[in-house]
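Thank you all for coming. I would like to walk you through one model this morning, and I will begin with a single residue before moving on to the aromatic side chains and one of the helices.

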Amino acid sequence: MKDPKILFMFLVAVYLLGFYVSYLYGRTKGTFRWVEYGVFCIVPVSSSLALSFIYGVKIIYLFLLSAGIGMFLEYTAGMAYHKTFKERLWTYSLFSLGGYTSWLTLPMWGSMSVALWVLGKAVGL
């Protein structure tokens, strides 16, 4: 299963399945729940980290580095927009960093970067 196109399609299917299960579980709830967050994160994160068996430890490095960079860029963009236009693009209440980002976004930034890396491999970049 080292063909990047098949791997990318598999990742997309797994991610969508995880998001859908999370949606089904949490659609009736109006507040944050750790179980829902866990369901939302476990599928993309575990599949991203499982790729280290195919591509090696560099996937884990990519995941960790891009999670930090993504969170930093989200914070910077949110703060710059707020300082420039005097309104917020988004707000976070749980584990917030100044209201511009949250520690809870780290797994999603890392998972998305791994998915985009696999997409790059699939299209030949």
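Let me start with a question: is Phe-95 buried, partly exposed or exposed? Phe-95 is partly exposed, with a relative accessible area of 43%, where buried means under 20%, exposed means over 50%, and partly exposed is what lies in between, computed with a 1.4 Å probe and protein chains only.

Before going further, please keep in mind that this is a predicted model, in which local features need pLDDT of at least 70 and side-chain atom pairs count only at pLDDT 80 or more, while totals for chains, interfaces and linings use all residues. Residues are numbered from 1 along each chain as its sequence is written, and side-chain values use heavy atoms, with hydrogens and water left out.

Phe-95 sits in the loop between H4 and S1, the helices (H or I, at least four residues) and strands (E, at least two) being DSSP runs numbered from the N terminus. Although Phe-95 is not a glycine, it has a positive phi of about 50 degrees. Lys-86 is found in that loop between H4 and S1 as well, with a phi near 60 degrees, again positive in a residue other than glycine, and at 67% relative accessibility Lys-86 counts as exposed.

Turning to the aromatic rings, the structure holds five aromatic pairs, which are rings of Phe, Tyr and Trp (its six-membered ring) whose centres lie within 6.5 Å, with planes under 30 degrees apart counted as stacked, over 60 as edge-to-face and the rest as tilted. One of them joins Tyr-55 and Trp-117 edge-to-face, at 4.8 Å centre to centre and with 90 degrees between the planes. That pair links distant parts of the chain, since Tyr-55 belongs to helix H3 (residues 52–55) and Trp-117 to helix H5, 62 residues apart. Tyr-55 is buried at 14% relative accessible area, whereas Trp-117 is partly exposed at 23%.

Tyr-75 and Tyr-100 also form an edge-to-face pair, 5.3 Å centre to centre and with 85 degrees between the planes. Because Tyr-75 lies in helix H4 (residues 58–85) and Tyr-100 in the loop between strand S1 (96–97) and strand S2 (101–102), the pair ties together parts that are 25 residues apart in sequence. Phe-95 returns here too, as ring pairs link Trp-34, Tyr-37 and Phe-95 into a cluster.

Finally, helix H5 covers residues 106–123, and its buried residues include Pro-107, Val-114 and Val-118. Just after H5, Gly-124 takes a positive phi of about 95 degrees.

Technical notes:
The expected span of a helix is 1.5 Å times one less than its number of residues.
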